[in-house]
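Please look over the sequence and the model below before reading on. The text then goes through the fold one part at a time.

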Amino acid sequence: MKHKLYPNPSVLFHLSADGIVAIDALSKDEFDLTETYFARLKFWNGQRSDKLNDIDRDLLEGGLVLEQPAADSDWGGDKLSELCHLSMRNPASMMPSLSEEESARQFVELSREKPKELARLQPEVISWVDLPEPDLAQIKQDSLYSSLKNRKTTRDFDASSITAESLSTVLFASFGYIHGQKWDELAEDDLNHVAERKSSPSGSGVQSCDAFLTIVHVDGIEPGYYFYDAKDHKLGLLAHGCDDAAISHIMVDQFWVKGAACGIFITVDMNRVWYKTPFARAYGYVFLEAGHISQTALLAATSVGLKTWLSGSMRDEFIAHKFGVDGTRLFPVTSVFIGNGSDNAVPARVRDMVLKLRNR
Ligand SMILES: Cc1cc2nc3c(=O)[nH]c(=O)nc-3n(C[C@H](O)[C@H](O)[C@H](O)COP(=O)(O)O)c2cc1C
């Protein structure tokens, strides 16, 4: 009888200095392969053999080849996105069932394993700007429903200035220590000392996100690139000079950003994530975290009467360079622009283009 084995489509390969490494994106198993093993793996991409040898048995045991062909993928996206998706999955084999006793014990052990302190990557600051006290009265008065209803994308900012107080309020509500800087409940039980509580949920409470800003029209604040220091509620100037043309370029020529008073770029500090969970799943969490914070910032800005626009597209490397961050361990995930303007989601220039094309 002829044998046939099949490639496992969730396995990816890369070359390291020591040779070929195979990683199963789903099971997370990792193997260093010799040339002989790799050659045998390639052989099983369509061939038949009279008998299985020791290498085949190893490949089968490691899940690098399968006895039955894998079902055709109906993922729909490209191979990279599929591998990304598989990497972030938790297969059943990684999720043993625990009793409540075991689950509680695991909670304590994981919380106590964490270090007492977790540093934040800090950019180099030219000078500091104190922010006025946040004015929380408007946020407190506005109902959640009205801010949900009034939050709409605008693509029509009018280039008028917003007050430093409005900016201060939005930053404090979305990135500030609204509960204070200590988490007493955890400290009392000697649990997770690095956890911080802010207005948005955060994986393990590590609060891996920060705010970097592009300021163009904020009363009393010089246009430039800034970092928000949530601990002292102040802005650190990172680079002078920021205008509509620079912002439009950063935002991949989405010209409708022109006229926005300020852009809040939500960055992720991977040092705060990797110290305990250096896995693809945790990488996925940072996007969720940035998403929570962006919605909070959008709602807070709406509550103080500002118009908003969110963009995930940006020139990643350019903006990282402007902020003086490496773009690898610390990088922007998304951006929220705030300012004054109309509720128009379709930019006037786009509407003109529609008319022009219609009249041809
Ligand atoms: C993750 C994400 C990325 C987005 N990226 C862009 C973008 O690059 N450019 C843009 O003009 N709008 C962007 N938007 C805004 C959406 O187009 C907008 O939210 C959507 O049309 C719904 O309109 P609304 O915000 O008024 O409810 C993005 C929204 C999200 C959630």
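This is a predicted model: local features need pLDDT of at least 70, side-chain atom pairs count only at pLDDT 80 or more; totals for chains, interfaces and linings use all residues.

Strand 2, residues 11-16, pairs with strand 3, residues 19-24, in the antiparallel sense, and six bridges hold the pairing. Within this pair, serine 16 is placed opposite glycine 19 of strand 3. The link from strand 2 to strand 3 is a hairpin of two residues. Strand 3 also runs antiparallel to strand 4, residues 30-33, with four bridges between them. Here alanine 22 has phenylalanine 31 of strand 4 as its bridge partner. The hairpin of strand 3 and strand 4 has five residues between the strands, and in it lysine 28 adopts a positive phi near 70 degrees.

Strands of a sheet pair through backbone hydrogen bonds, in either a parallel or an antiparallel arrangement. In this sheet the pairing is antiparallel, and the strand order reads 6-9-8-7-10-12-11. Strand 6 (127-130) and strand 11 each have a single partner strand, so they form the edges and one side of each has no neighbour in the sheet. On average, and with direction ignored, neighbouring strands of the sheet are turned by 30 degrees against each other.

What does strand 12 pair with over eight bridges? The partner is strand 10, residues 262-269, and the two are antiparallel. Phenylalanine 265 sits opposite serine 335 of strand 12 in this arrangement. Strand 11, residues 307-311, is also antiparallel to strand 12, through five bridges. Strand 12 covers residues 330-339, and nine of its ten residues are buried.

Helix 11 has a helix partner as well. Two packed helices are described by the angle between their axes and by the distance between those axes. For helix 7 (residues 164-175) and helix 11 (residues 280-303), the angle is about 145 degrees and the axes are 9 Å apart. The crossing of the two helices is right-handed. Helix 7 contributes Thr169, Val170, Ala173, Ser174 and Phe175 to the contact, while helix 11 contributes Ile293, Thr296, Ala297, Ala300 and Ala301. Sorted by class, this contact of helix 7 with helix 11 has seven nonpolar and three polar residues, and no charged ones.

The ligand is surrounded by Lys152, Thr153, Gln254, Leu310, Ser311, Gly312, Ser313 and Ala345. Of this shell, five residues are polar, two are nonpolar and one is charged.

Last, consider serine 99, which lies in the loop between helix 3 (79-88) and helix 4 (100-113). Is serine 99 buried or exposed? Serine 99 counts as exposed because it has 8 C-beta neighbours inside 10 Å, and a residue with 12 or fewer is classed as exposed. Serine 99 and arginine 272 are 173 residues apart along the chain, and their C-alpha atoms are separated by 30 Å.

Conventions. Residues are numbered from 1 along each chain as its sequence is written. A residue is buried if 20 or more other C-beta atoms lie within 10 Å of its own, exposed if 12 or fewer, and partly exposed in between; C-beta atoms are placed from the backbone. Two strands pair if DSSP finds at least two bridges between them. A residue is near a molecule or strand if its C-beta atom, placed from the backbone, lies within 6 Å of it. Ala, Val, Leu, Ile, Met, Phe, Trp, Tyr, Cys and Pro count as nonpolar, Asp, Glu, Lys and Arg as charged, and the others, Gly among them, as polar. Axes are lines fitted to C-alpha atoms, for helices over the stretch in contact, and angles run from 0 to 180 degrees between N-to-C directions. A crossing is left-handed if the near helix is turned anticlockwise from the far one by less than a right angle, and right-handed if clockwise. Two residues are in contact if their C-beta atoms, placed from the backbone, lie within 7 Å.
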